[in-house]
Amino acid sequence: GGALVIQGSPSVAEVRRCTFRRNSGGTEGIAALVCDTYPVTDPDSSAVSLLLEDSHFEGNDGLALMLADAGHYPDATSNIRNTTFVDNSGRRDSAIRAYLDYGNVNVTHCTIWNNTHTEQTGSAVSINFNGNLATFSRCVIAGNNCAPLSQAPGYSPDIQQYNIGSDNLVS
């Protein structure tokens, strides 16, 4: 689902100066942008790396950005720069969810503010690791919340990491 789905080739997908506002993916879906890095069109081609820059996600009903199999291949690196995620709502996660098998995700100069998730173990940003790196540099990640229930003990409403193989969240 989502307003924009990027899958397979080209090797680098660039999304610049875009606004994703009031899209709906339903309570289970992805509302705005899905980047599936697995090269489904040609299994021998390189993985897709996402460059998301100078963009704005606001008021989406469902997860704003999904990086599915982000870094399915070691050469896949997704870069998110100068992008705002505000007032998005999702069931488990609300702003960014990334599944990192082998590649990396770099998030720089981004604001992730006032997003809401309804599941008590959810967060605005969810990163699933397996021996790779997610870097957050000069970002504001705050004011996110779980509603209508309170956040489960031990879980942050702002950012949550799920370590499959290693602990590689750098901020």
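The model is predicted, so to speak for itself: local features need pLDDT of at least 70, side-chain atom pairs count only at pLDDT 80 or more, and totals for chains, interfaces and linings use all residues. Numbering runs from 1 along each chain as its sequence is written, and side-chain values use heavy atoms, with hydrogens and water left out.

The chain has 20 strands and zero helices (DSSP runs numbered from the N terminus: E, at least two residues, for strands; H or I, at least four, for helices). Of its 171 residues, 47% count as buried, meaning under 20% relative accessible area with a 1.4 Å probe, protein chains only. Among contacts (heavy atoms within 4.5 Å) with a separation of 6 or more, 84% come from residues 24 or more positions apart.

Five strands make up an open, parallel sheet, ordered β3-β6-β9-β13-β17; strands pair if DSSP finds at least two bridges between them. β3 (19-21) and β17 (140-142) sit at the edges with a single partner strand each, so one side of each lacks a neighbour in the sheet. Strand β13 (residues 111-113) runs parallel to β17 and is joined to it by three bridges, with Trp113 opposite Ala142.

Asn88 lies in the loop between β9 (84-86) and β10 (89-90). Asn88 counts as buried because its relative accessibility is 0%. Beyond its neighbours within four places in sequence, Asn88 touches several residues, including Phe57, Ala64, Ser94 and Asn114. Asn60 is also in contact with Asn88, and the two side chains make a polar contact at 2.9 Å (N or O atoms within 3.5 Å, one able to donate a hydrogen and the other to accept it; residues adjacent in sequence count only if both atoms are side-chain atoms).

Terms used. Buried means under 20% relative accessible area, exposed over 50%, partly exposed in between (1.4 Å probe, protein chains only).
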